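Here are my notes for you on this structure, point by point. Have it open while you read.

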Amino acid sequence: MMDRLSAALREAAGEEGARAIVLAGAGPAFSAGHYLPEMVGASPEEQRQVFLACSALMETIRVLPLPVIAEVRGIATAAGCQLVAACDLAVAAETARFATPGVRIGLFCSTPMVPVSRAVGRKRAMEMLLTGDFVDAPTALDWGLVNRVVPEDRLEAESQTFVERIAEASPFVVALGKRAFHRQAGLSVEDAYAQMSEVMCGNAVEPDAQEGMRAFLEKRRPRWTQGAS
Amino acid sequence: MMDRLSAALREAAGEEGARAIVLAGAGPAFSAGHYLPEMVGASPEEQRQVFLACSALMETIRVLPLPVIAEVRGIATAAGCQLVAACDLAVAAETARFATPGVRIGLFCSTPMVPVSRAVGRKRAMEMLLTGDFVDAPTALDWGLVNRVVPEDRLEAESQTFVERIAEASPFVVALGKRAFHRQAGLSVEDAYAQMSEVMCGNAVEPDAQEGMRAFLEKRRPRWTQGAS
Amino acid sequence: MMDRLSAALREAAGEEGARAIVLAGAGPAFSAGHYLPEMVGASPEEQRQVFLACSALMETIRVLPLPVIAEVRGIATAAGCQLVAACDLAVAAETARFATPGVRIGLFCSTPMVPVSRAVGRKRAMEMLLTGDFVDAPTALDWGLVNRVVPEDRLEAESQTFVERIAEASPFVVALGKRAFHRQAGLSVEDAYAQMSEVMCGNAVEPDAQEGMRAFLEKRRPRWTQGAS
């Protein structure tokens, strides 16, 4: 399932005209994480395959040239909560709930903590990890785990608002920016500036940047010509 | 005093059946930090001993296999505020107050800033450090310096709620998770995932993980058999 | 203009008795970032000059021995938003607005994202960067991009409150603390503690620290004798 999701994401990103991806659950939950029956009694090698597939999925989201938006209805727990944190943006229904409850079943949420602790801060991440308790949607918004909380019947419209806004920009520039964001995220300020200055110089001479600035000065809509690649 | 606190923490962690440690002030304050009379006129070597003892205390909290919960009544200032930030979780009375006021007495809170700036973010840390002004408990909660703010007469009960919740989990898994959290905290996302995937694989084949997953699937309480260390 | 601003900041920092710098817009906006007409049709070398001047300005703010306070009226966008995030403290009028809208004109805000993402967190930074939408002043306060939001007619008074508070401290210690803050910001907790313990030991034996602690114990105002440099 994780392999298929990774493949589906890559496929969607390759579709003609695709500009952003909305990731939503098909059922009442966003995702409850790993399928436990397959992990009970599994050999170390089988366990490793499961976690490698999971990390590959998260990495796929991070390296895709398109923004990925988590659309969260119901619960997002363990690797499901990680999935929300790993997406570029997240919108949640008022009734959505988030948890990293692995500690309660003997399997600490060590990989989920990577993006979750970077989204919500250390004390809050530690609370989620040590208690496994649910965080409701307004709290997730307050902590920066999600970007929007809306009534459930407005959830898809809210994701769509993000998609449409992103679709107005140059796909080349969005891809360049997303990649740059992840490159600088873990660096010292000095190193981050050094790398981002190069990115900025490279960006500024590209056709879409020149067109975008001209259009802005001429008070007209830009005509983008560069693809995400 | 700091040496004795470090020793007491290690001793408490070694007690049969200990599952979490609550750190509270014996008097009206949580901690006002260093004892200044011993630092006035002290030789460089004596000063160094003081700061080494302080850093050793903070490091003790970080490497203990049990979660340490700060229970804050009254003020927590300078190294006392650092102590709150260095604990895994923190609960505070509504009347608690926090500050890093070293700048006002000529001794900038340079070691306190390490965990404080990582808890509350850069702009807020800079404000605390440059002004030395108090931050009240609701603000500390809003900024992520503490996890709960409650009326003073409910303070101990609130810490106890965390302790009891943590005590339901496997001590082995809590220790593994706390150690993993600190290992990944400063790393890039890639490095953090690489290390945490290994932790997760190792965790999943342990007896307490197998038991925890089985118990969950069988809808019964797990029986943990592994100890902390 | 950026070169002149860098020079003016260094000059102000060198003035006899200067203790903090307030950076405010002369017109209705704080700053709308780069002057686009000079970037349309510019050669790669000219573009590079512009971005180097911009990074040099941000670096100047960071290495100045005095705190720099952004006083934001109107809009702060792109490199103007970066400027707010790069300052040590920031106060904003209720009507101030913040954005990193480069994506909309084909020039992703890759250098602005360095301090902005470190101030507001990853999900919120990504939202600002991918949508380019404005964030109002209360939201900027909630996210930690600014330290205070006040009615427009109280804006200068609010900056002044910070200045006066900072001016009560030893300029030597403020400079030492600001430098220390930036040194430890990107490090692992272990490395940060190792470096800050050294800073603390060095600070404690300085005349202004000894005087500050003595004055505190004697309940009198300290008399600082050490300058910034």
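1. Let's start with a term: a salt bridge is a side-chain nitrogen of Lys or Arg within 4 Å of a carboxyl oxygen of Asp or Glu. One example joins two chains here: the side chains of B:R48 and C:E198 meet in a salt bridge, with 3.0 Å from N to O. The background idea is that side chains of opposite charge can pair when their charged atoms come close.

2. Some ground rules before we go on. This is a predicted model, in which local features need pLDDT of at least 70 and side-chain atom pairs count only at pLDDT 80 or more, while totals for chains, interfaces and linings use all residues. Residues are numbered from 1 along each chain as its sequence is written, chains are lettered from A and ligands numbered from 1 in the order in which they are written, and side-chain values use heavy atoms, with hydrogens and water left out.

3. Now look at how the chains are arranged.

4. Next, where chain C meets chain A. Contact means heavy atoms within 4.5 Å, and here 41 residues of chain C and 57 residues of chain A take part. Do the copies meet through the same or different surfaces? Different ones, because only 12% of the interface residues of chain C are also interface residues in chain A.

5. How much area is buried between chain C and chain A? About 4300 Å², with carbon and sulfur atoms giving 63%; buried area is the accessible area (1.4 Å probe) that two parts lose on being put together, summed over both. C:R122, C:K123 and C:L130 supply 18% of the area that chain C buries against chain A, more than any other three residues.

6. The largest share of the side of chain C that touches chain A is nine residues, from α5(C) (helices are DSSP runs of H or I, at least four residues, and strands are runs of E, at least two, numbered from the N terminus).

7. The contact takes 57 residues from chain C and 42 residues from chain B, and the area buried is about 4300 Å². In chain C, the residues that lose the most area to chain B are C:F181, C:Y193 and C:M200, together 19% of what that side buries. Five salt bridges turn up across this interface. As for helices, α9(C) gives the largest share of the side of chain C that touches chain B, 12 residues.

8. Back to charges: the structure holds 39 salt bridges over all chains. One of them pairs A:K178 with A:D88 at 2.8 Å, N to O. This pair links distant parts of the chain, with A:K178 in helix α8 and A:D88 in the loop between α3 and β4 of chain A, 90 residues apart. Are these two buried or exposed? A:K178 is buried, at 1% relative accessible area, and A:D88 is buried as well, at 3% (buried means under 20% relative accessible area, exposed over 50%, partly exposed in between, with a 1.4 Å probe and protein chains only).

9. Compare two other pairs. A:E127 forms a salt bridge with B:R148 at 2.7 Å between the closest N and O atoms; A:E127 lies in helix α5 of chain A and B:R148 in strand β7 of chain B, so the pair joins two chains. A:E127 counts as buried at 9%, whereas B:R148 is partly exposed at 27%. Within chain C, C:R62 and C:E59 form a salt bridge at 3.3 Å, and being three residues apart in helix α2, they are separated by about one helical turn. C:R62 is buried at 13%, while C:E59 is partly exposed at 31%.
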